Amino acid sequence: MNKFSLGKAFVPVVGSIVLIYLLLPIFYVIVFSFNDAGRNNITWRGFTTDNWANPCGAPDVCEAFGNSIVVGVVATIVATVLGSAIAIALVRYRFKFRSTISLMLFTPMATPEVVLGAGLAAQFLLAGVEKGIGTIILAHTMFCISYVVVAVKARVASLDPSIEEAGRDLYGSPAQVFWRITLPMLMPGIIGAALLSFALSFDDFIITNFNSGTANTFPKFIYTSALRGVPAQANVLASIVFLGALALVIIVQMVGINRRKRLAGR
């Protein structure tokens, strides 16, 4: 085998090893969702589908999972609306302290989560706000806005202004141009930012732990259960999230492929 053959085989081999390394924890989660674990899900005890038939069998697991869904959805909606509006304003308009505001929006992304969580907890304490689902939503909305602004800003900057000018030339009002031209063109970036925000919110533990009080979320449940072994029902719910996300990606890719085929066939 010559040097060219070795070099050609090196990339697929290394890529496969890295891919296996990344997917191994997910594979472990899915496999142990079928474990006949009882109270301990650390060692394999036998195959069963009872965990999938009753995913809420472990105490508090579905309540924590539901809380994470509620927090993620509400924080994503608020952050996406506010972040998109801020991104449009930063790109399209000139106003005082515009550069400073744009720079400060990166602060939550650059600040360590433990510092951010502790700072928010101190602010809620000084304001006399009782910690719970509401404070979690406020905290998650705060750091999700930064990611939405960054993602949507890139999309706004890439738009062709002549398309909107054409809409105005056809006597479209500013509202009509925005809803029928600008927003549809921004939608891929907005949807991507919203999905990223939900993933960050659903997955967050450090900031949540500082600002949740007695409220429980899925990451907190996993953390407190880790010492005795995460219950198999938690693996079931985590597997459902992964498989749902995978199905969503496949559907989006298939829709994109079919759309490109239709455009090519014209």
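Lining the second largest pocket are Met-187, Pro-188, Ile-191, Leu-195, Val-252, Val-255, Gly-256 and Arg-259. On a 1 Å grid over the protein atoms alone, a pocket is an open set of points with protein on both sides within 12 Å along at least five of seven lines, a cavity is a set where a 1.4 Å probe fits but cannot get out, and lining residues have an atom within 4 Å of a point. The model is predicted, so local features need pLDDT of at least 70 and side-chain atom pairs pLDDT 80 or more, while totals for chains, interfaces and linings use all residues. Residues are numbered from 1 along each chain as its sequence is written, and side-chain values use heavy atoms, with hydrogens and water left out.

**Second largest pocket**
- Its volume, the space filled by probe spheres set on grid points joined across faces, edges and corners, comes to about 230 Å³.
- H9 and H12 each supply at least two of its lining residues (helices are DSSP runs of H or I, at least four residues, numbered from the N terminus).

**Largest pocket**
- The largest pocket has about 990 Å³, and of its 32 lining residues Phe-202, Asp-203, Ala-238, Val-241 and Phe-242 are the closest to the centre.
- H12 (232-265) gives the most to this lining, with twelve residues.

**Cavity**
- There's one cavity of 30 Å³ or more, and the largest cavity holds about 30 Å³.
- Its lining includes Ser-68, His-140, Asp-204 and Thr-217.
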